[in-house]
Structure formats: structure tokens, C-alpha cells
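Subject: Structure handover

Hi,

Here is the structure I said I would pass on. Please open it alongside this email.

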Amino acid sequence: MIGWLNIGSLVLGLIAWILPVVVLMRKEKSGNNKLVVFSILSFSCCGVALCFQMYYNYHLVIIEDWSALMDTMGGVAVAATVLLVVTIALNTMTLVVNRKKAN
């Protein structure tokens with residue numbers, strides 16, 4: 001069951017990136033409410049994905065699998081940073097582009 005945390009984290013991370021891209025690709029002017037909803041969903045998916053990774057690492061600590069922690073922590077830290085930075089960048093671009101469309 002614990003292995004599903006990694007799969008869930010990956011899926012939610014992809015959703016966090018896909019939602020702003022969907023908003024960017026829409027040609028019609030969307031209302032500010034839709035933009036806010038998509039941004040909140042995107043950041044929520046990103047947060048839950050990061051939370052899943054923390055729970056997986058907590059599981060590794062509980063079962064005392066120190067070698068797995070030492071092997072994967074560097075990659076997890078880099079992946080979490082990339083997920084967060086790209087999510088922020090995509091949502092910022094969405095905000096800027098939609099402001100220009102509204103004007």
C-alpha cells in the first residue's frame with residue numbers, strides 16, 4: 001500500500017503542471033474565477049504530491065530502511081524543488097498571460 005504514495009505523488013505532480021498549461025492553451029478569455037480555481041487546484045496538487053513524498057520518507061524511517069533513505073533523499077529533494085519551481089512558474093505565466101488577455 002505504501003508504494004501507492006510514490007505513484008500518487010507522480011500523478012498529482014503531473015496534474016499540478018497540466019492544469020496551468022490547459023489554462024494557457026485555451027483561446028477564449030476565461031473569467032478570473034476560473035483562473036483562480038485552476039491555480040488553487042494546481043498548487044493543491046503540488047502540495048499533496050510533496051506531502052505524499054514526506055509520508056513515504058516517514059515510512060522508510062519507521063521501518064528503519066536507512067540505505068533506501070540515503071540512496072533516494074538527494075533525488076527526492078531535487079525532484080521536489082523542480083516540482084515546486086515549475087508549478088510556481090507555470091501559474092505565474094498563466095496569471096500574466098490572462099491579465100494581458102483581459103486588457
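Predicted model: local features only at pLDDT ≥ 70, side-chain atom pairs only at ≥ 80, totals over all residues.

Start with helix α1, residues 4-25. Its 22 residues should span 32 Å at 1.5 Å a residue, and the end C-alpha atoms are 31 Å apart, so the two values agree.

One set of α1 residues is buried: Leu5, Gly8, Ser9, Leu12, Gly13, Ala16, Leu19, Pro20 and Val23. An α-helix has 3.6 residues a turn, so residues three or four places apart point the same way.

Now the core. The largest nonpolar core has 6 residues: Leu12, Ala16, Cys45, Cys46, Ala49 and Leu83. Helices α1 and α2 (32-62) each give two or more residues to this core. The largest share, 3 residues, comes from α2. Leu12 is worth a look. Beyond its neighbours within four places in sequence, Leu12 is in contact with Cys45, Val48, Ala49 and Phe52.

Next, the surface. Met1, Trp4, Ile7, Val11 and Ile15 make a nonpolar patch of about 580 Å². Ile15 belongs to helix α1. Ile15 counts as partly exposed because its relative accessibility is 33%, between the 20% and 50% cut-offs.

Last, Lys101. This residue lies in helix α3, residues 66-102. Its relative accessibility is 25%, so Lys101 also counts as partly exposed.

Best wishes

Technical notes:
Residues numbered from 1 in each chain as written. Heavy atoms only, no water. Core = buried A, V, L, I, M, F, W, Y, C linked by side-chain atoms within 4.5 Å. Buried < 20%, exposed > 50% of the residue type's maximum accessible area, 1.4 Å probe, protein only. Helix = DSSP H or I, 4+ residues; strand = E, 2+ residues; numbered from the N terminus. Contact = heavy atoms within 4.5 Å. Expected span 1.5 Å × (residues − 1). Patch = residues over 30% accessible without salt bridge, like charges linked within 9 Å, V, L, I, M, F, W, Y side chains within 5 Å. Areas by Shrake-Rupley, 256 points an atom, 1.4 Å probe, with all protein chains shown as cover. Salt bridge = Lys/Arg side-chain N within 4 Å of Asp/Glu carboxyl O.
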